[in-house]
Amino acid sequence: MTDRNSQPEDQEAADIPGLTIGISGPRRKRTTDRLISLGLRLYGARTLFIRPGSQVDVALLDGLVLSGGTHIHPNLYGQEPLPSLDYRYDRQRDQTDQELLAAAEALQLPVLGICRGAQLINVFRGGSLCQDVTPMRVNTRHRPLLLPLQTIRVVDHSRLGTVLNARNIGANRIHSQAIHWLGKDLRVTAMDNDLFVQGIENTRGQWLMGVQWHPEYLLYNGPHRRIFREFIRAAEHLKLARLTRPSDTGTG
């Protein structure tokens with residue numbers, strides 16, 4: 001299940017049967033990754049932190065979270081890096097996240113993408129990104145917000161809308177990139193006041209959701225906490241189906 005680059009959140013959790021959720025992140029675990037783990041453990045899951053280049057048997061996971069971090073290399077969606085932008089990229093993490101997504105899709109594992117993770121889902125499905133939304137902002141200010149001071153407009157009749165139970169909600173903002181062209185079998189579920197995409201979800205197949213903001217910093221807020229709860233419910237549903245699936249082998 002683990003290698004030298006992947007380790008359970010704590011040793012005691014490794015001995016407790018139940019759900020195991022992979023959190024794909026950078027080489028060094030950050031506060032945001034620990035908060036994501038907390039959000040999952042609030043609902044009974046244990047977590048496995050996956051670093052770039054790790055070899056993980058995804059079949060032993062019950063769900064996958066793609067956390068935020070460095071920008072995705074533009075080559076993955078047919079562009080070259082803008083010379084005016086001094087961004088750092090992590091090509092190994094890009095590759096690891098794509099491999100994890102492919103395995104999760106094949107196994108129909110629930111996937112939650114946060115910020116970069118939502119963008120990676122879109123790129124994986126053939127979509128593209130806007131490399132810098134800063135000069136295009138008109139109705140929103142471009143400055144980091146950890147508090148829920150950005151207004152998000154939620155699309156009716158979407159999974160995200162059901163989870164949040166609101167048409168408008170406050171969220172934080174740390175990103176400078178956003179989804180441009182939407183990937184295959186995805187739909188937009190939320191936008192900000194400049195109509196930049198803030199949420200996406202699958203239109204068919206596995207439970208898959210992406211949010212552009214960081215709900216892990218808002219665990220004190222019920223609607224944002226429910227994103228993790230619904231993700232865990234999807235993982236529980238899948239695990240129950242796996243456990244109750246009839247065996248292919250019969251008795252003699």
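What is the mean pLDDT of the chain? The mean is 90, and 90% of the residues reach 70 or more; pLDDT is the predictor's confidence in each residue, from 0 to 100. This is a predicted model, so local features need pLDDT of at least 70, side-chain atom pairs count only at pLDDT 80 or more, and totals for chains, interfaces and linings use all residues. Residues are numbered from 1 along each chain as its sequence is written, and side-chain values use heavy atoms, with hydrogens and water left out.

**Stop 1: the start of the chain**

Select residues 1-16. Here pLDDT stays under 50, and the model has 37 contacts beyond four places in sequence for this stretch. A contact means heavy atoms within 4.5 Å.

**Stop 2: helix H4**

Now select residues 116-124, which make up helix H4. Helices (H or I, at least four residues) and strands (E, at least two) are DSSP runs, numbered from the N terminus. How many of the 9 residues of H4 are buried? The count is 8, so H4 is largely enclosed by the rest of the structure. Buried means under 20% relative accessible area, exposed means over 50%, and partly exposed is in between (1.4 Å probe, protein chains only). Among the buried residues of H4 are Gly-117, Leu-120 and Val-123. Just after H4, click on Gly-126, where phi is positive, at about 95°.

**Stop 3**

How many salt bridges does a search of the whole structure find? It finds 14, where a salt bridge is a side-chain nitrogen of Lys or Arg within 4 Å of a carboxyl oxygen of Asp or Glu.

Show the side chains of Asp-94 and Arg-116, which meet in a salt bridge at 3.0 Å, N to O. Asp-94 lies in helix H3 (residues 91-107) and Arg-116 in helix H4, so the pair ties together parts that are 22 residues apart in sequence. Both Asp-94 and Arg-116 are buried.

Next, select Glu-105 and Arg-125, whose side chains meet in a salt bridge at 3.2 Å, N to O. This pair links distant parts of the chain, 20 residues apart: Glu-105 is in helix H3, and Arg-125 is in the loop between H4 and strand S6 (129-130). Glu-105 is partly exposed at 32% relative accessibility, whereas Arg-125, at 13%, is buried.

**Stop 4: a bridge between two loops**

Move on to Arg-204 and Asp-185, which form a salt bridge at 3.1 Å, N to O. Arg-204 sits in the loop between strand S11 (197-202) and strand S12 (208-211), and Asp-185 in the loop between strand S9 (178-179) and strand S10 (186-191), so the pair ties together parts that are 19 residues apart in sequence. Arg-204 is exposed, with a relative accessible area of 55%, while Asp-185 is partly exposed at 26%.

While Asp-185 is on screen, look at its backbone: phi is near 60°, a positive value in a residue other than glycine. Asn-165 is found in the loop between helix H5 (159-164) and strand S8 (168-173), and is exposed at 65% relative accessibility.

**Stop 5: the cysteines**

How many disulfides does the structure hold? It holds 0, a disulfide being a pair of cysteine sulfur atoms within 2.5 Å. Select Cys-115, which is in no disulfide: the nearest cysteine sulfur, that of Cys-130, is 14 Å away. Cys-115 is buried at 9% relative accessibility, and Cys-130 is buried at 18%.

**Stop 6: a meeting across the sequence**

Select Asp-132, in the loop between S6 and strand S7 (145-154). Asp-132 and Ser-176 are 44 residues apart in sequence and 5.6 Å apart in space, C-alpha to C-alpha. Leaving aside neighbours within four places in sequence, Asp-132 is in contact with Leu-85, Tyr-87 and Ser-176.
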